[in-house]
Amino acid sequence: MTTDSRGDYQELVDEISELLGVPATLENRDFELIAFGAYDSEGELDPSALDPVRTRSILTRRSTAAVRTWFEGFGITRATAPVRIPPTPEAGVYRGRICLPVRHRGVVLGYVWLLDSEPGAPGPTDPQLNAAMRVAARIGALLADEAQHGADLSRELRAVLTAERGWQADMAVAALRTALGPRGDGPYAVVCVAPWPSADPDDAPSARTVPHATALCTVPWGPTAQWLAALIRLRATDTLTPATSAATRLLERARGVEGGGAGPDTGTHGTPGTHGTPGTAAAPLTVAAGIASPRVALADLAAAWQEASAAARAALAEPGFGPVTEWSRIGPYRLLTSLPPETAQDPAVRPLLSPAHRELARTAEIYLDCAGQAARTAAELGIHRQTLYYRLSRVEQLTGLDLDDGEHRLLLHMALKAARL
């Protein structure tokens with residue numbers, strides 16, 4: 001296995017799952033989930049494989065203090081070999097467990113959990129468990145290496161993303177490169193989750209609990225908001241799958257902190273109306289994630305952060321992009337997000353953006369989204385075509401723009417999109 005693949009906990013857990021033919025999970029010593037290997041077999045459909053303890057661990061990324069104390073009662077913190085734990089339905093453990101302690105130089109750093117076989121069924125053999133323990137030792141070495149080089153690189157990553165150009169940026173990149181050590185070589189993608197539902201500037205998840213993550217940090221956005229940045233290691237520059245997986249997990253965590261899902265928002269994000277792509281309707285998002293184009297050099301991470309945060313802003317503005325979107329897919333928002341807020345609202349369009357004219361602004365935006373096709377616009381709005389013409393004439397009166405003029409239409413369209421940001 002190469003150095004790059006050794007840095008991927010998910011691959012190591014999947015290796016154990018395939019080696020033993022059973023599902024496996026990796027948790028740190030605080031019982032926080034790092035990786036979950038779903039072994040593809042009919043046994044996985046057995047409801048007993050989804051007992052409450054295992055389900056909670058997978059869904060919430062951690063176990064309760066009571067569960068931790070119960071499992072530690074079997075001596076797993078001192079064990080150097082696999083520990084079998086019997087099923088205990090009254091404790092929510094319907095299937096027995098095999099715990100592989102993850103150690104390095106005598107120190108326990110985590111645990112690999114396996115579902116034990118049913119009574120009477122053949123379980124993993126001693127040679128298989130020995131091979132799995134060797135993989136667990138590699139995980140332990142990796143965890144120890146992260147601790148030695150600073151597994152929590154929040155300060156270094158934040159400095160790179162927020163430093164002004166010049167010597168400060170150069171020093172920040174050098175510090176991050178030193179902290180990463182052999183993990184400093186790319187390719188990488190930067191993920192932005194906006195907003196991050198915590199006012200604590202140091203409240204970022206551990207990189208060990210997010211697949212493919214090398215470092216995470218919060219970045220101030222405005223006077224009070226925090227956005228989350230994640231540095232995600234890629235296998236190649238032509239695939240963003242690891243970044244998408246990490247973004248999805250971070251969104252789940254953000255929604256959990258919010259105390260609910262990504263349901264309808266009570267705000268409008270400054271928009272004149274909310275709709276998705278033409279022909280669809282979508283509720284505004286409360287949290288979204290953006291993914292930058294891949295980068296190889298650490299010096300390019302600040303630019304990648306601008307792309308990732310722009311993509312997140314676009315997803316918040318246009319729910320049609322989905323809760324996770326890539327910089328390459330946000331179209332005109334690549335330009336709009338680079339504009340200073342004071343220049344994004346054109347004086348001619350400003351009267352249209354008042355709350356009193358919200359429906360007119362929505363009509364104009366959908367009309368322009370539909371390439372000026374009156375029949376298509378009226379159908380999407382559910383109004384008569386004459387009503388549409390009346391509204392468009394009111395738009396022209398308010399703005400002084402001529403909707404038969406291509407440049408005027410472009411100005412209006414871009415101003416309405418910018419208002420969403």
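Helices and strands are DSSP runs, numbered from the N terminus.

The protein as a whole holds 15 helices and 10 strands. Of its 421 residues, 49% are buried. Among contacts between residues at least 6 apart in sequence, 64% join residues at least 24 apart. The accessible surface comes to about 19,300 Å². Carbon and sulfur atoms account for 53% of that surface.

The mean pLDDT is 80, and 81% of the residues reach 70 or more. Strand 9 (residues 288–291) has the highest confidence, at a mean of 96. Helix 1 (residues 3–6) has the lowest, at a mean of 36. The pLDDT is below 50 over residues 1–7. This stretch has 11 contacts in the model beyond near neighbours in sequence. Residues 40–48 also have pLDDT below 50, with 11 contacts beyond near neighbours in sequence. Where pLDDT is low, the predicted coordinates should not be read in detail.

Strand 9 and strand 10 pair in the parallel sense, over 3 bridges. Gly290 stands opposite Thr325 in strand 10.

Next comes the packing of nonpolar side chains. In soluble globular proteins, nonpolar side chains tend to be buried together. The largest nonpolar core here has 30 residues. Leu161, Leu176, Val190, Leu301 and Trp305 have the most contacts inside this core. Helix 6 (154–162), helix 7 (167–180) and helix 9 (301–317) each give two or more residues to the core. Strand 6 (188–194), strand 7 (213–221) and strand 8 (225–233) do too. Helix 9 supplies the largest share, 7 residues. Leu301 touches Val160, Leu161, Leu176, Val190 and Leu231, not counting residues up to four places away in sequence.

Strand 1 (residues 24–28) is mostly covered, with 5 of its 5 residues buried. Ala24, Leu26 and Asn28 point one way from the strand. Thr25 and Glu27 point the other way. Strand 1 runs antiparallel to strand 2 (residues 33–37), joined by 4 bridges. Together they form a hairpin with 4 residues between them. Phe31, in the turn, has a positive phi of about 65 degrees. Strand 1 also runs antiparallel to strand 5 (residues 107–115), joined by 5 bridges. Ala24 has a bridge partner in each: Gly37 in strand 2 and Leu114 in strand 5.

Key
Residues are numbered from 1 along each chain as its sequence is written. Side-chain values use heavy atoms; hydrogens and water are left out. Buried means under 20% relative accessible area, exposed over 50%, partly exposed in between (1.4 Å probe, protein chains only). Contact means heavy atoms within 4.5 Å. Accessible areas come from the Shrake-Rupley method with a 1.4 Å probe; for residues, only the protein chains shown count as cover. A nonpolar core is a set of buried Ala, Val, Leu, Ile, Met, Phe, Trp, Tyr and Cys residues joined through side-chain atoms within 4.5 Å. pLDDT is the predictor's confidence in each residue, from 0 to 100. Two strands pair if DSSP finds at least two bridges between them.
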